[in-house]
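The notes follow the sequence and the model.

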Amino acid sequence: MGNRSSWDQYFMDIARQVASRATCDRKHVGALLVRDRTILSTGYNGSIRGMPHCSDVGHLMENGHCVATVHAEANAIIQAAKNGVRIDSERDKPTTLYTTASPCWPCFKLIANSGVHRIVYGEFYRDPRIFEYAARLGIELVGPGPEEQPAERR
């Protein structure tokens, strides 16, 4: 029993597998929404439904970022909505978003408004504002060790 994964590790491993479906080859990101140890929804970064994949036709670049894709966190929220799955945290059962990379600012705002109270991420992506606003909103952020955090968070 000594090498049994923690729940966070278990769900992060699943998020990494979900990321393998990503269709933008600049960064593969996977996300899943979990409440009460049950997966509610998954998402990965990819093109708008019905549009060609970046990995097939190239990227739509703005300020050094591909903007043709919908991010994994947004897709997990969209997938839940599309299937009528409630993702808002319940009184004693907070919803956790597991994501292989910390949310960008636009995705963080979606996550906060969706009622998620905990975010577990695998690597810091690019926007340190999430730390300040998560603290102000009471959203728990769980990331990798201090050596992998952005300099302003160490």
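**Charged pairs**

I began with Glu-90, which is partly exposed at a relative accessible area of 31%. Since the model is a predicted one, I take every value here as computed from it. I looked for the partner of Glu-90 and found a salt bridge with Arg-86, in which the closest N and O atoms are 3.3 Å apart. Arg-86 is likewise partly exposed, and its relative accessible area is 46%.

I then asked how many salt bridges the structure holds. The count is ten, and I followed two further ones in detail. Arg-129 forms a salt bridge with Asp-127, and here the closest N and O atoms are 2.6 Å apart. For this pair I checked both ends: Arg-129 is partly exposed with a relative accessible area of 40%, whereas Asp-127 is buried with a relative accessible area of 10%. The value for Asp-127 is under the 20% that sets the limit for buried, so I did not count the residue as partly exposed.

The other pair is Glu-132 with Arg-136, whose side chains meet in a salt bridge at 3.1 Å, N to O. I noted that Glu-132 and Arg-136 both lie in helix α5, four residues apart, which is about one turn of the helix. The general point I kept in mind is that an α-helix has 3.6 residues a turn, so residues three or four places apart point the same way. Glu-132 counts as partly exposed at 45% relative accessibility, while Arg-136, at 57%, counts as exposed. I also traced the salt bridges that share partners, and these join Arg-35, Arg-86, Asp-88 and Glu-90 into one network.

**Helices α5 and α4**

Staying with α5, which spans residues 129-137, I listed its buried residues as Ile-130, Phe-131 and Ala-134. Seen down the axis of α5, these buried residues fall within an arc of 100°, so they line one face of the helix. I next asked what the buried residues of α5 pack against. The answer is α4 (105-114), β8 (118-121) and β9 (140-142). Just after α5, I found Gly-138 with a positive phi of about 75°.

In α4 the buried residues are Trp-105, Cys-107, Phe-108, Ile-111 and Ser-114. What covers them includes α3 (72-82), β7 (95-99), β8 and α5.

I traced five strands that form an open sheet in the order β2-β1-β7-β8-β9, with mixed pairing. Its edge strands are β2 and β9, each of which pairs on one side only. From one strand to the next, the twist averages 15°.

Which sense of pairing do I find for β1 and β2, parallel or antiparallel? Strand β1 (residues 30-35) and strand β2 (residues 38-44) pair in the antiparallel sense, over six bridges. Within this pair, Leu-33 stands opposite Ser-41 in β2. The hairpin of β1 and β2 has two residues between the strands, and in it Asp-36 takes a positive phi near 55°. For β8 and β9 I recorded the parallel sense, over three bridges, and there the bridge partner of Val-120 is Val-142 in β9.

**Arg-37 in the loop**

I went back to the loop between β1 and β2, where Arg-37 lies. Arg-37 is exposed, with a relative accessible area of 54%. Leaving aside neighbours within four places in sequence, I found Arg-37 in contact with Trp-7 and Phe-11. I also took the separation of the C-alpha atoms of Arg-37 and Ala-101, which are 64 residues apart along the chain, and it comes to 21 Å.

**Cysteines**

My last look-up was for disulfides, with sulfur atoms within 2.5 Å as the cut-off, and the count comes to zero. I checked the exposure of two cysteines as well: Cys-24 is buried with a relative accessible area of 3%, and Cys-54 is buried, its relative accessible area being 3%.

Key
Residues numbered from 1 in each chain as written. Predicted model: local features only at pLDDT ≥ 70, side-chain atom pairs only at ≥ 80, totals over all residues. Heavy atoms only, no water. Buried < 20%, exposed > 50% of the residue type's maximum accessible area, 1.4 Å probe, protein only. Arc of directions from axis to C-beta. Contact = heavy atoms within 4.5 Å. Pairing = 2+ DSSP bridges. Salt bridge = Lys/Arg side-chain N within 4 Å of Asp/Glu carboxyl O. Axes fitted to C-alpha atoms, helices over the stretch in contact; angles between N-to-C directions.
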